[in-house]
Amino acid sequence: MPKKENIQQMFDGIAPSYDRLNHIMSLGVDKLWRKRAVKEIIGTDSGLGDRRRSALKVLDVACGTGDSTIDIAKAGGSGISVIGADISSGMMSLVMEKAARAGVTDRIRLKVADGTALPFEDGSFDVVTCSFGIRNFEDKAAGLREFFRVLKPGGRLVILELSVPSKPWLRKLYDIYFMHVMPLIGGMISGDKAAYKYLPASVHAFPAAPVFTGMVSAAGFRDARFQALTFGLCTMYVATRP
Ligand code: SAM
């Protein structure tokens, strides 16, 4: 696992081409995954009562260029407050311009922060979410403990992470695409082939869904569960702070 400083430098470097590449390389499917997560955060199946949902305080850890942050802010209505936190100020420098286009700047605040040492008080948020970020943490268990600490009792954790599909035929296609095509396209567009080699390697190195769900429970959460999305290309984890 690369050091936090190297990860930060890598994301600062690829920030200008991140959104374009993200949507090209996921063929736009990431938008559906984010929508699914937003439903868990804001929807009636979020487990949070109506009053709490209308004035939700959400922390989006490893918010990057803010796609999920903005989706949540849009879906949450005028009462919502979303804090986006990330170690890469380069990635976050793109959030507010996008938020302005979506008309939600007043609902979003940003903070440069490490997900494993969050600069927030205990019990500050109704929801903590993290999309495609935690696999980059050097210490994932420390990240989960921080998510737990900053959540209010009864608060929700919603994590999206890329995963390796289990079906053998899809696994073959996946390996060709992620190991060979992605570093080529990513390298050409971003100018950093190594970053787009790191991406599939980090997905392979991430714990299997049942193992990661166990880590979520070990951090103190209850009702931890996971759901495979799009043939297991992405996995959503949901849990509640008791
Ligand atoms: N959440 C965004 C999205 O859905 O597009 C960005 C995902 S991007 C693949 C991963 C993000 O994790 C990067 O912006 C990176 O800077 C951030 N990151 C990596 N390690 C981190 C850490 N320890 N604390 C906070 N953010 C981190």
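Author: Threonine 213 is found in helix α10, residues 209-218, where helices are DSSP runs (H or I, at least four residues), strands are E runs of at least two, and both are numbered from the N terminus. This is a predicted model, in which local features need pLDDT of at least 70 and side-chain atom pairs count only at pLDDT 80 or more, while totals for chains, interfaces and linings use all residues. Residues are numbered from 1 along each chain as its sequence is written, and side-chain values use heavy atoms, with hydrogens and water left out.

Reader: Why is threonine 213 called buried?
Author: Its relative accessible area is 10%, and buried means under 20%, exposed over 50% and partly exposed in between, with a 1.4 Å probe and protein chains only; threonine 213 is therefore buried.

Reader: Which residues is threonine 213 in contact with, leaving aside its neighbours within four places in sequence?
Author: They are Ala224, Arg225, Phe226 and Tyr237, contact meaning heavy atoms within 4.5 Å.

Reader: What makes phenylalanine 231 count as exposed?
Author: Phenylalanine 231, in the loop between β6 (222-229) and β7 (234-240), has 59% relative accessibility and so counts as exposed. Its phi is near 55°, a positive value in a residue other than glycine.

Reader: Is phenylalanine 132 buried or exposed?
Author: Phenylalanine 132 lies in the loop between β4 (125-131) and α7 (140-150), and because its relative accessible area is 12%, it is buried.
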